[in-house]
Amino acid sequence: MQSLYVEGNTFLHRLAPGLKLGGLVAFSIAVFLSGSLVFLGALLSFAAGLYFTLPMRPRQALARLLPIGAAILLVGGFNLIFSPWQVAAVSVLRLSALMFLAAAITAATPVPDFIDTVTRFAMPLERAGLVKAADIGLAIGLVIRFVPDILQRYHAIRDAHRARGVRFRPSGAIVPLIILTLRDADSIADAIDARGIRGGQEKRKTK
């Protein structure tokens, strides 16, 4: 699998993973509590500015956002049909701001650091008997690892359409992407279970 992490020494790279994830949670709450176009525009500008300070070429940075950006525009289009334009604008600004900040944090944080941080944050839930913290960390890590592969498949589907002279529509790639991703998810889940990674702590306790 490829990785979304980008080597660098920016301010965002130097922040502790816990601070980055905590900041993302606080940012998300602020985004969804506000309905002000001006405030949401400011948050979007901040997140986009942070993202484009990372050491990536502009084309590479934009390519990472293309599929989810297309999905956001699709959501905005549906809202524009059934709701006033202000409602559509709010939804697009909210989702775009979250997209840029999440992409920035993901690019500036190695996946092992994500897994360790999420696992540590989930420990109180494990002590309460609700979840297994290690499984949550593993799930988050796999989701992040899957994103580059999904982007690669999206580009492959787009190129296949163009090679056949068929007009490509992003919405037409959704079903093939879901099928391919679920197929790989099943394979990875089988591999994880075969290696006894999930529930490993319980197995050690029973020995």
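**Exercise 1.** Find the accessible surface of the protein and the share of that surface that belongs to carbon and sulfur atoms.

*Solution.* Start with the total: the accessible surface is about 12,500 Å². Carbon and sulfur atoms hold 66% of that surface. Accessible areas here come from the Shrake-Rupley method with a 1.4 Å probe, and for residues only the protein chains shown count as cover.

A word on the ground rules: this is a predicted model, where local features need pLDDT of at least 70 and side-chain atom pairs count only at pLDDT 80 or more, while totals for chains, interfaces and linings use all residues. Residues are numbered from 1 along each chain as its sequence is written, and side-chain values use heavy atoms, with hydrogens and water left out.

**Exercise 2.** Work out how many helices and strands the protein has, and what percentage of its residues count as buried.

*Solution.* First, the count: there are 9 helices and 0 strands. Helices (H or I, at least four residues) and strands (E, at least two) are DSSP runs, numbered from the N terminus. Read along the sequence, that gives α-α-α-α-α-α-α-α-α. Next, burial: 34% of the 207 residues count as buried. Buried means under 20% relative accessible area, exposed means over 50%, and partly exposed is in between (1.4 Å probe, protein chains only). Last, take the contacts between residues at least 6 apart in sequence: 70% of them join residues at least 24 apart. Contact means heavy atoms within 4.5 Å.

**Exercise 3.** Look at Ser34 and decide: buried or exposed?

*Solution.* Locate Ser34 in the loop between helix 2 (17-33) and helix 3 (37-51). Then check its relative accessibility: it is 12%, so Ser34 counts as buried. Finally, list its partners, leaving aside neighbours within four places in sequence: Ser34 touches Phe39, Leu40 and Arg94, all by the contact rule.

**Exercise 4.** Which residues form a nonpolar patch on the surface?

*Solution.* The patch is made of Leu74, Phe78, Ile81 and Phe82, with about 480 Å² of accessible area together. To join a patch, a residue needs over 30% relative accessible area and no salt bridge; nonpolar side chains (Val, Leu, Ile, Met, Phe, Trp, Tyr) are joined within 5 Å, and like charges within 9 Å. A salt bridge is a side-chain nitrogen of Lys or Arg within 4 Å of a carboxyl oxygen of Asp or Glu. Now zoom in on Phe82, which lies in helix 4 (residues 58-82). Its relative accessibility is 68%, so Phe82 counts as exposed. Gly77 also sits in helix 4, but it is partly exposed, at 29%. From the C-alpha of Gly77 to that of Ala88, 11 residues apart along the chain, the separation is 7.3 Å.

**Exercise 5.** How many aromatic pairs does the structure hold, and why is the pair of Tyr51 and Phe52 edge-to-face?

*Solution.* The structure holds 3 aromatic pairs. For Tyr51 and Phe52, the ring centres are 5.3 Å apart and the planes meet at 75°, so the pair is edge-to-face. Rings of Phe, Tyr and Trp (its six-membered ring) pair if their centres lie within 6.5 Å; planes under 30 degrees apart count as stacked, over 60 as edge-to-face and the rest as tilted. Compare burial next: Tyr51 is buried at 0%, whereas Phe52 is partly exposed at 42%. Ring pairs also link Tyr51, Phe52 and Phe100 into a cluster.

**Exercise 6.** Describe where Ile105 lies and which residues it contacts.

*Solution.* Ile105 lies in helix 5 (residues 85-107). At 3% relative accessibility, Ile105 counts as buried. Leaving aside neighbours within four places in sequence, Ile105 is in contact with Leu12, Lys20, Leu24 and Phe114.
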